[in-house]
Amino acid sequence: MSPMPPPRLVALSERARSGLSSLKRKMVPPNVALLDFVGDLWGFHVAFALAELAVCDAIQAAGPEPASSQRIAQELSLDADALYRTLRGAAQLGLVEEHSGQRFSLTSLGRAMCKSPEASFVDFIIFMGRYGAQNWPLLPECIRTGKTAIELSTGKQPFEWLTGEPEVAECFNRAMTAVSNVACEAIAAAHDFERYAHIADIGGGHGRLLGELLKSAPNSRGTLFDLAKVVEGAGPLLERLGVRSRVDTVGGSFFEAVPEGADLYVSKAVIHDWQDGEASQILTNIRKAMGTRPCKLMLCETVVTPPGKPHLAKLLDLEMLVHGGGRERTESEYAELLRGVGFRLDGIEGTAGPVSLVLASPV
Ligand SMILES: C[S@@+](CC[C@H](N)C(=O)[O-])C[C@H]1O[C@@H](n2cnc3c(N)ncnc32)[C@H](O)[C@@H]1O
């Protein structure tokens with residue numbers, strides 16, 4: 001794994017990247033700029049197809065020399081011409097590199113599309129391709145009604161629906177671990193976690209983030225809290241991360257109560273799943289669990305930037321509109337939400353990823 005670049009450097013390069021694409025949009029005819037949006041849709045499906053068919057794994061397994069697309073097609077029982085054309089398109093997206101004789105090698109992006117439990121992003125692409133891609137076309141209806149696509153198509157709230165769909169839920173939990181692969185190293189590098197003897201992760205999924213935090217704080221222990229069905233599946237990942245013996249897993253609902261006794265309560269990508277009423281209820285339960293001890297709260301979320309300042313949060317917010325049912329928030333919205341439930345916003349720290357650390361203390 002390459003070392004984390006400093007958050008400031010990442011922010012600078014992100015500004016440069018978005019400046020260049022905005023310059024390109026101004027220079028080319030509008031129709032050409034709009035075609036890029038359609039190209040992004042095609043590009044996503046190329047990545048999804050490679051993920052679903054485990055093509056990058058096959059190229060990796062073929063060894064260090066570029067692999068012939070014909071041979072990969074044979075191994076995976078695919079149509080050779082269709083696979084070659086897909087890989088040629090994938091080369092344009094930077095997922096693979098094309099060599100003479102219809103041979104391909106993986107780029108760093110392609111390597112992140114292989115199934116490696118601690119570094120791969122592939123499960124998120126699979127989840128979005130299998131399920132997300134069916135729901136995003138409902139965005140116009142979400143805008144008309146303010147309801148999520150899940151609510152519109154199933155009549156249920158997103159997590160209520162997920163509970164009754166074990167196959168989708170399993171795919172979702174793996175996707176969340178994959179998303180955490182992107183953020184958790186950046187989070188662990190951005191803050192000193194050794195100062196907390198006991199870290200609780202509320203809505204922590206299978207424990208990808210908690211595992212990373214405990215790796216950076218070798219004397220600390222952790223509590224992983226999530227729905228009982230979810231924490232039941234956390235053992236293998238905690239084992240692989242080498243932290244199993246330092247973690248208590250607790251199943252329950254954060255709308256009822258969360259475990260007491262931690263010095264730091266972390267929650268990543270949870271508060272953004274909910275509107276203010278439910279978010280306040282979760283935070284109130286965390287506040288109650290802290291009691292009168294000097295604890296800290298850390299919400300790991302993308303924070304919406306002011307108008308004119310691009311940030312992934314503004315698009316992730318729409319993913320929440322379509323799927324999660326919650327919202328991304330600005331700094332002042334977090335300050336207000338926290339103030340209403342007995343916390344003071346101490347500040348927001350950036351990380352080398354899109355996620356920021358929203359830090360708060362009980363008052
Ligand atoms: C978007 S996922 C984030 C998971 C994890 N924190 C991460 O970043 O990978 C939201 C998490 O909230 C959990 N969750 C939803 N409703 C819950 C409830 N009522 N009580 C506890 N956890 C819940 C889900 O099971 C899921 O793991």
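In this predicted model, the shell around the ligand receives at least two residues from each of two helices, α11 (166-190) and α12 (208-216). The greatest share comes from α11, which provides three residues of this shell. There are 19 residues around the ligand, and those that come nearest are M176, G203, G205, S253 and K268.

Turning to the domains, the assignment for the chain gives domain 1, covering residues 7-111, and domain 2, covering residues 180-362. The contact between them involves four residues from domain 1 and five residues from domain 2, and on the side of domain 1 that touches domain 2 there are three nonpolar residues, one polar residue and no charged residue. The C-alpha centres of domain 1 and domain 2 are 33 Å apart.

Which residues of helix α17 (residues 331-339) are buried? They are Y334, L337 and L338, and they lie on the same side of α17 because they cover an arc of only 95° around the axis. As a general rule, an α-helix has 3.6 residues a turn, so residues three or four places apart point the same way. Among the elements that cover the buried residues of α17 are the helix α15 (276-290) and the strands β10 (329-330), β11 (343-349) and β12 (356-362).

Notes
Residues are numbered from 1 along each chain as its sequence is written. This is a predicted model: local features need pLDDT of at least 70, side-chain atom pairs count only at pLDDT 80 or more; totals for chains, interfaces and linings use all residues. Domain bounds come from an automatic or database domain assignment. Two residues are in contact if their C-beta atoms, placed from the backbone, lie within 7 Å. Ala, Val, Leu, Ile, Met, Phe, Trp, Tyr, Cys and Pro count as nonpolar, Asp, Glu, Lys and Arg as charged, and the others, Gly among them, as polar. A residue is near a molecule or strand if its C-beta atom, placed from the backbone, lies within 6 Å of it. Helices (H or I, at least four residues) and strands (E, at least two) are DSSP runs, numbered from the N terminus. A residue is buried if 20 or more other C-beta atoms lie within 10 Å of its own, exposed if 12 or fewer, and partly exposed in between; C-beta atoms are placed from the backbone. The arc is that of the directions from the helix axis to the C-beta atoms.
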